[in-house]
Amino acid sequence: MRRSLVIASGFLMSAQAFGAEPSIEVHRGDDASLFGSCVPSLIAENKSAETVEYLQVDVLFTLANGEQRDIELGSAYREGILFPIAPGARAILKQHLDLSRALGVPCDQVKSRRVVGVLCQAAGGRHCASPVSAKP
């Protein structure tokens, strides 16, 4: 009985080390500059047990002049070849500039960022079972 308690407590400690709740965590990545315009990115970490086929986070940017721009950052082209995010893997979510309008300002002109939408699809186009937390 004592041995089983030691094994069980080892599993509990392992679960705590990896986080109690399996999830998909998204946080800010590196901003790039292309032709004077800020090109943001996000990093997605799949801490769940399911493979994510497509992940998109919509971010609302408020610029220094008060304008707001809604930008979609995705793991792949929505209708193109998928780049699945396997359990334990990381992926870069980026803006596809050939399909959407650039921010049009340098990165130092971005005053705030706020997540306004998340789309997470697993195998077969079903919604991801694991929660997605996104911090831009």
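**Notes on the cavity, pocket and disulfides**

1. Starting with the inside: Arg28, Pro40, Ser41, Leu42, Val59, Phe61, Leu73, Arg113 and Pro136 line the largest cavity. A cavity here is a set of points, on a 1 Å grid over the protein atoms alone, where a 1.4 Å probe fits but cannot get out, and lining residues have an atom within 4 Å of a point. Strand 4 (41-46) and strand 5 are the elements that give two or more residues to this lining. Strands are DSSP runs (E, at least two residues), numbered from the N terminus.

2. Before going on, the ground rules: this is a predicted model, where local features need pLDDT of at least 70 and side-chain atom pairs count only at pLDDT 80 or more, while totals for chains, interfaces and linings use all residues. Residues are numbered from 1 along each chain as its sequence is written, and side-chain values use heavy atoms, with hydrogens and water left out.

3. How much space lies in the largest cavity? About 40 Å³. The whole-structure search finds 1 cavity of 30 Å³ or more. For volumes, grid points are joined across faces, edges and corners, and the space counted is that filled by probe spheres set on the points. By residue class, the cavity lining splits into 6 nonpolar, 1 polar and 2 charged. The classes are simple: Ala, Val, Leu, Ile, Met, Phe, Trp, Tyr, Cys and Pro are nonpolar, Asp, Glu, Lys and Arg are charged, and the others, Gly among them, are polar.

4. On to the largest pocket, which holds about 160 Å³ of space. A pocket is an open set of points with protein on both sides within 12 Å along at least five of seven lines. Its lining is made of Tyr54, Gln56, Glu72, Leu73, Gly74, Ala76, Tyr77, Arg78, His96, Leu99 and Ser100. The pocket lining divides into 5 nonpolar, 4 polar and 2 charged residues. Leu73 is in the pocket lining and also in the cavity lining.

5. Now the disulfides (cysteine sulfur pairs within 2.5 Å): the whole structure has 2. Cys38 pairs with Cys107, S to S 2.2 Å, and the link is right-handed, with 95 degrees about the S-S bond. Cys38 sits in strand 3 (residues 37-39) and Cys107 in the loop between strand 7 (90-94) and strand 8 (110-122), so the bond ties together parts that are 69 residues apart in sequence. Cys38 is buried at 0% relative accessible area, whereas Cys107 is partly exposed at 25%. The cut-offs are under 20% for buried and over 50% for exposed, with partly exposed in between (1.4 Å probe, protein chains only).

6. The other disulfide joins Cys120 to Cys128, S to S 2.0 Å. Is this link left-handed or right-handed? Left-handed, with -75 degrees about the S-S bond. Cys120 is buried at 8% relative accessibility, and Cys128 is buried at 14%. Counting the bonded cysteines in sequence order, the pairing reads 1-2, 3-4.

7. Asp31 deserves a look. Asp31 lies in the loop between strand 1 (24-28) and strand 2 (32-34) and is partly exposed, at 26% relative accessible area. The Asp31 side chain makes polar contacts with the side chains of Arg28 (2.8 Å) and Arg113 (2.6 Å); both arginines are in the cavity lining. A polar contact is a pair of N or O atoms within 3.5 Å; within protein, one must be able to donate a hydrogen and the other to accept it, and residues adjacent in sequence count only if both atoms are side-chain atoms. Beyond neighbours within four places in sequence, Asp31 is in contact (heavy atoms within 4.5 Å) with Cys38, Val39, Pro40, Ser41, Cys107 and Arg113. That list takes in both partners of the Cys38 to Cys107 disulfide.

8. Glu50, in the loop between strand 4 and strand 5, is buried at 11%, and the Glu50 side chain reaches the backbone nitrogen of Ser130 at 2.9 Å. Its contacts, leaving out residues up to four places away in sequence, include Cys128, Ala129 and Ser130. Ile24, in strand 1, is buried at 1% and, with neighbours within four places left aside, has Cys120, Cys128 and Ser130 among its contacts. Ile24 and Asn46 are 22 residues apart in sequence and 4.6 Å apart in space, C-alpha to C-alpha.

Technical notes:
Helices (H or I, at least four residues) and strands (E, at least two) are DSSP runs, numbered from the N terminus.
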